[in-house]
Amino acid sequence: MKAKQETPLLFRKHRAEEWIGRIYTTFCVALLIVIIVSIVYFVASKGIATFAINGVSLSEFLFGQTWQPDSNKFGALPFIFGSFVTSLLAAVIASPLSVCAALFMTEITPNWGKKILQPVVELLAGIPSVVYGFIGLSVLVPFLRDIFPGQGLGVAAGSVVLSIMILPTITSIATDALSSLPRNLKEASYGLGATRWQTIAGVVLPTVLPSVLTGVVLGMARAFGEALAVQMVIGNAPHIPRSLFESASTLTSVITLNMSNTVMGSVQNNALWSMALILLLMTFVFVLIVRLLERRARI
């Protein structure tokens, strides 16, 4: 009799807990949606005001090469070019190193490889960006200045610093993809007489390629939005560089250097918000590419 009385009480308690969980989850999801929509609306409204209110030409802003706010010239092409070049070069440098590190930890020496490389990768991921920038400014820039022409500040220094910063992202995703690979694929390759390197080149890497590309895109997304470390080593010159060892600038470095020196609502301030809008749109593009790669990986 007592057990029958306790059953409805337990049922009502579990039902109440379920409703509390649903309400809390719904509130958190709704709050995230409101925050994201608010950020997009705020950045878009400020960025579009440059063209809709201040009368700056969109073509001049995207393709103009002269940035002189005092003369009402807002050509952002050098900064867009600098952001894309440094991100692409960083991905080119970091991708082979990351894939090789992932192969070393999963295929070559899986027993003790992770014990050595995994803590190193995690340590790189936890280092603040200002430390990367300071080390690049103190070590990398003098090294480049002694070997190559120029002052050492430039696209090359920024790309190398960014490649080290995105190395943990690509390595972690590549390692997870290699670890989740079905064992029977490799065993079938070995059964046909293939060597370990033939199996890696012909079976393992083609199978995990979409996941590795996802890591590369995420790494590029992080490199594209990095500000402080790049600002310290790239030179911050408002022109398109003619070589990797010339000073340049990126969208993020221009925003961080000039935003505090402008008046809210001025043309220059709105132009900086337009650069922020470009960064936001590029983030959406990177997310879309990742989704397409994930869909390809599932197929």
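This is a predicted model: local features need pLDDT of at least 70, side-chain atom pairs count only at pLDDT 80 or more; totals for chains, interfaces and linings use all residues.
The accessible surface of the protein chain comes to about 16900 Å², and 69% of that area belongs to carbon and sulfur atoms; areas here follow the Shrake-Rupley method with a 1.4 Å probe, and for residues only the protein chains shown count as cover. Residues are numbered from 1 along each chain as its sequence is written, and side-chain values use heavy atoms, with hydrogens and water left out.

Let me turn to overall form. The protein chain has a radius of gyration of 25 Å, whereas a compact globule of 299 residues would have one near 19 Å, the radius being taken over C-alpha atoms and the globule rule being 2.2 Å times the number of residues to the power 0.38. Buried residues, meaning those under 20% relative accessible area with a 1.4 Å probe and protein chains only, make up 38% of the 299 residues.

The protein chain has 11 helices and two strands, where helices (H or I, at least four residues) and strands (E, at least two) are DSSP runs numbered from the N terminus. An unreviewed UniProt entry lists several transmembrane regions, including residues 199-221 and 271-293, and such annotations may be inferred rather than shown by experiment. In the model, residues 199-221 are 100% helix, with end C-alpha atoms 31 Å apart, and residues 271-293 are likewise 100% helix, with end C-alpha atoms 33 Å apart.

Phe79 touches Trp67, Pro238, Ser249, Thr250, Leu251, Val254 and Met275, leaving aside residues up to four places away in sequence, where contact means heavy atoms within 4.5 Å.

Finally, which residues does Ser87 touch, not counting residues up to four places away in sequence? They are Met220, Ala223 and Phe224. Ser87 lies in helix H3 and is buried, with a relative accessible area of 1%, and its side chain reaches the backbone oxygen of Ser83 at 2.8 Å.

Notes. Buried means under 20% relative accessible area, exposed over 50%, partly exposed in between (1.4 Å probe, protein chains only). A polar contact is a pair of N or O atoms within 3.5 Å; within protein, one must be able to donate a hydrogen and the other to accept it, and residues adjacent in sequence count only if both atoms are side-chain atoms.
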